[in-house]
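This briefing walks through side-chain pairings and their surroundings, grouped by topic. Please keep the sequence and the structure at hand while reading.

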Amino acid sequence: MEEKVLINTEYITLGQLLKLKNIINSGGQAKYFLNENNVKVNGILDNRRGKKLFNGDKVVINQNESFLILKKDS
């Protein structure tokens, strides 16, 4: 099931998303988590915690957690 993630800014980083969804406890854990797990952004493997996620981007973690980034209307 795809979970919608609403953002108020132009983008959110992959590390921020992981922390927001309580997948990791701190930003420092992002590097290790991304190196140990299969994370795809729009179907492409990506392990950069600073990867910018924009409106419409889809993140899939280990083929079982899926997030769709959506920008809130102002």
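**Charged and aromatic pairs**

Arg 48 has a relative accessible area of 48% and is therefore partly exposed. This value, like the others below, comes from a predicted model.

**Salt bridge of Arg 48 and Asp 46**

- Arg 48 forms a salt bridge with Asp 46, in which the closest N and O atoms lie 2.7 Å apart.

- The side chains of Glu 2 and Lys 58 meet in a salt bridge with an N to O distance of 3.4 Å.
- This pair links distant parts of the chain, with Glu 2 in strand β1 (residues 2-7) and Lys 58 in strand β6 (residues 58-61), 56 residues apart.
- Glu 2 counts as partly exposed at 32% relative accessibility, and Lys 58 is likewise partly exposed, with a relative accessible area of 36%.
- Lys 21 forms a salt bridge with Glu 3, and here the closest N and O atoms are 2.5 Å apart.
- Because Lys 21 lies in the loop between α1 (14-20) and α2 (30-36), whereas Glu 3 belongs to strand β1, the pair ties together parts that are 18 residues apart in sequence.
- Lys 21 is partly exposed, with a relative accessible area of 27%, and Glu 3 counts as partly exposed at 34% relative accessibility.

**Aromatic pair**

- Tyr 11 and Phe 54 form an aromatic pair with a centre-to-centre distance of 5.6 Å and an angle of 55° between the planes, an arrangement that is tilted.
- Tyr 11 sits in strand β2 (residues 11-13) and Phe 54 in strand β5 (residues 52-54), so the pair ties together parts that are 43 residues apart in sequence.
- Tyr 11 counts as partly exposed at 30% relative accessibility, and Phe 54 is partly exposed as well, with a relative accessible area of 31%.

**Surroundings of Glu 65**

- Glu 65 has its place in strand β7 (residues 65-71) and is partly exposed, with a relative accessible area of 34%.
- Although Glu 65 and Met 1 are 64 residues apart in sequence, their C-alpha atoms are 7.3 Å apart in space.
- When neighbours within four places in sequence are left aside, Glu 65 is in contact with Ile 23, Val 59 and Val 60.

Notes. Residues numbered from 1 in each chain as written. Predicted model: local features only at pLDDT ≥ 70, side-chain atom pairs only at ≥ 80, totals over all residues. Heavy atoms only, no water. Phe/Tyr/Trp six-rings, centres within 6.5 Å; stacked < 30°, edge-to-face > 60°. Helix = DSSP H or I, 4+ residues; strand = E, 2+ residues; numbered from the N terminus. Buried < 20%, exposed > 50% of the residue type's maximum accessible area, 1.4 Å probe, protein only. Contact = heavy atoms within 4.5 Å. Salt bridge = Lys/Arg side-chain N within 4 Å of Asp/Glu carboxyl O.
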